[in-house]
Amino acid sequence: MNGMSLRDERAAGDAPRAPAREGSPARRDGVSRVERVSARRPPTALGVYVHIPFCASRCPYCDFATAPARSALRSRYLDALEFEIRREGERLGRPRVSTLFFGGGTPSLLEPTEIERLGGALRDAFDVRPVEATVEANPATLDRARLEAWAAIGITRLSLGAQSFSSIGLRALGRTHQPQDIAPAVAAARSLGFDVNLDLIFGWPSQTPAGWLEDLDAAAALQPDHLSCYPLELALEPEEAVANWPGAGWRSVERWRRRSAAAQPDDDGIATLYEVAEAFLARNGYRHYEIANWARAGKRCRHNLGYWRNGDWLGVGAGAHSHLAGVRSRNPGVLPVYIGAIDRDDQRIVDASADAAVDGAMLALRLDEGLDLGRYGARFGLDAASRVRNALRSLDGTRLLRWSGERVCLTARGRLLASEVFVRLLPDDVNFSAQV
């Protein structure tokens with residue numbers, strides 16, 4: 001396979017502020033300075049992402065802002081989170097919440113009283129009338145009381161971190177739940193009328209196409225509304241949230257990641273697994289609407305569509321990212337630093353290097369509907385549209401893109417080599433060499 005693989009996509013020009021996992025803009029990013037963030041035009045409606053960092057244990061591949069569930073800072077964190085919710089609702093003029101997403105971490109570890117408290121803060125701060133409201137969960141952490149508490153604050157959708165239906169796969173990923181935990185969790189969610197998404201990870205050490213097909217078959221048997229399938233990506237530089245975990249810290253995580261990376265399928269193997277998922281899920285009635293996401297008719301993740309369409313969203317909590325009035329910003333990912341920032345009423349950390357026009361093109365190309373250059377030009381200007389058109393036309397003959405008038409989409413090959421497309425859209429001063 002020429003060029004870069006699906007596994008390399010995030011490092012080489014994938015829109016760096018797109019969610020790395022369903023629903024979660026709380027991730028590692030480069031930022032350059034701190035500024036006061038003020039929405040030049042208060043949004044009339046926006047998506048809201050609420051980050052709950054607490055986990056029963058740390059998954060060694062995870063690079064999100066997480067912390068131990070029994071952290072001594074848990075109560076103070078929830079106090080800070082509630083304050084931030086109320087503060088941002090007031091600053092933004094109490095806009096309507098069009099979509100709501102509780103991500104993590106493991107939000108399903110919250111106690112019913114904590115869930116009710118956050119729901120109350122959101123209702124007080126915003127006009128909460130979401131068309132979709134999601135909570136992420138670990139299959140082993142659900143119980144009836146918690147699920148009913150989530151339902152009571154308006155949750156309509158459960159995103160379950162299944163990751164694999166293989167006990168070997170779960171051990172390879174360092175997961176603590178068992179395959180037999182997944183089906184009861186799905187049934188419990190269904191009993192409350194929730195839509196269900198299943199997160200799956202492929203490309204773990206020694207995984208085979210036959211084993212991956214068994215995972216997909218087991219997932220489809222549960223008839224989820226939505227499936228997210230991500231290649232295992234193992235960053236080899238320490239992330240900010242390492243400081244939240246006691247013990248051996250980054251060194252032990254790095255050793256695990258290096259061992260696991262050495263045993264992963266190679267680039268061609270990752271591509272094969274991706275193609276297996278595409279073919280299987282198409283046969284089973286799932287539309288491949290985004291590079292890593294499949295859905296039944298009418299069940300696409302509306303919250304994530306807000307990210308990919310470069311809309312307005314507010315992220316609250318440690319490490320959470322926001323995009324308001326064209327400004328991208330984030331909160332600190334280390335719990336004491338986040339709590340201190342909220343106590344001092346500091347502003348979010350602004351990504352001064354963000355380029356809204358570049359991001360808009362990259363994000364649109366992630367979707368099966370692709371990039372409409374007419375609409376893009378109306379939003380970002382004719383010069384930006386011309387630059388993007390010329391950059392993408394330079395790939396003519398590579399079979400990475402499909403054109404229909406002013407609309408351009410990734411082909412099946414283009415999804416595999418999306419980084420080869422995205423890198424052409426980067427500003428001229430970004431030094432990056434790619435071959436197709």
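**Figure 1. The cavity count in this predicted model.** One cavity of 30 Å³ or more turns up, where a cavity is a set of points, on a 1 Å grid over the protein atoms alone, at which a 1.4 Å probe fits but cannot get out. Rolling a probe the size of a water molecule over the atoms shows where empty space is left. The largest cavity has a volume of about 50 Å³, a volume being the space filled by probe spheres set on the points, with grid points joined across faces, edges and corners. This is a predicted model, so local features need pLDDT of at least 70 and side-chain atom pairs count only at pLDDT 80 or more, while totals for chains, interfaces and linings use all residues. Residues are numbered from 1 along each chain as its sequence is written, and side-chain values use heavy atoms, with hydrogens and water left out.

**Figure 2. The lining of the largest cavity.** Lining residues have an atom within 4 Å of a point, and here they include Glu84, Arg87, Arg330, Asp346 and Arg348. Also among them are Asn331, Pro332, Ala341, Ile342, Gln347 and Ile349. By class, the lining holds four nonpolar, two polar and five charged residues; Ala, Val, Leu, Ile, Met, Phe, Trp, Tyr, Cys and Pro count as nonpolar, Asp, Glu, Lys and Arg as charged, and the others, Gly among them, as polar. Helix H1 (74-91) and helix H10 (335-343) each supply at least two lining residues. Helices (H or I, at least four residues) and strands (E, at least two) are DSSP runs, numbered from the N terminus.

**Figure 3. A closer look at Gln347.** Look for Gln347 in the loop between H10 and strand S15 (349-350). Gln347 counts as buried because its relative accessibility is 14%, and buried means under 20% relative accessible area (1.4 Å probe, protein chains only). From Gln347 to Asn331 the C-alpha to C-alpha distance is 8.3 Å, with the two lying 16 residues apart in sequence.

Figure 4. All seven residues of S7 (residues 157-163) are buried. One side carries Arg157, Ser159, Gly161 and Gln163, the other Leu158, Leu160 and Ala162. In a regular strand the side chains alternate between the two faces of the sheet. Strand S6 (residues 127-137) pairs with S7 in the parallel sense over four bridges, and Ala137 has Leu160 as its bridge partner in S7. Two strands pair if DSSP finds at least two bridges between them. S7 also runs parallel to strand S8 (residues 195-202), joined by five bridges, with Val196 in S8 as the bridge partner of Leu158.

**Figure 5. Strands S2 and S12.** Trp313 and Gly315 point one way from S12 (residues 313-316), Leu314 and Val316 the other way, and all are buried. S2 (residues 45-52) and S12 pair in the parallel sense over four bridges, and Val316 in S12 is the bridge partner of Val50.

**Figure 6. Phe102 and the largest nonpolar core.** This core has 100 residues, and Leu81, Phe102, Leu198, Leu371 and Leu392 have the most contacts inside it. A nonpolar core is a set of buried Ala, Val, Leu, Ile, Met, Phe, Trp, Tyr and Cys residues joined through side-chain atoms within 4.5 Å. Helix H8 (residues 267-283) gives the most to this core, with eight residues. Leaving out residues up to four places away in sequence, Phe102 touches several others, including Val50, Leu118, Trp150 and Ile155; contact means heavy atoms within 4.5 Å.

Definitions and conventions: Buried < 20%, exposed > 50% of the residue type's maximum accessible area, 1.4 Å probe, protein only. 1 Å grid on protein atoms, 1.4 Å probe; cavity = no way out; pocket = protein on both sides within 12 Å on 5 of 7 lines; lining within 4 Å.
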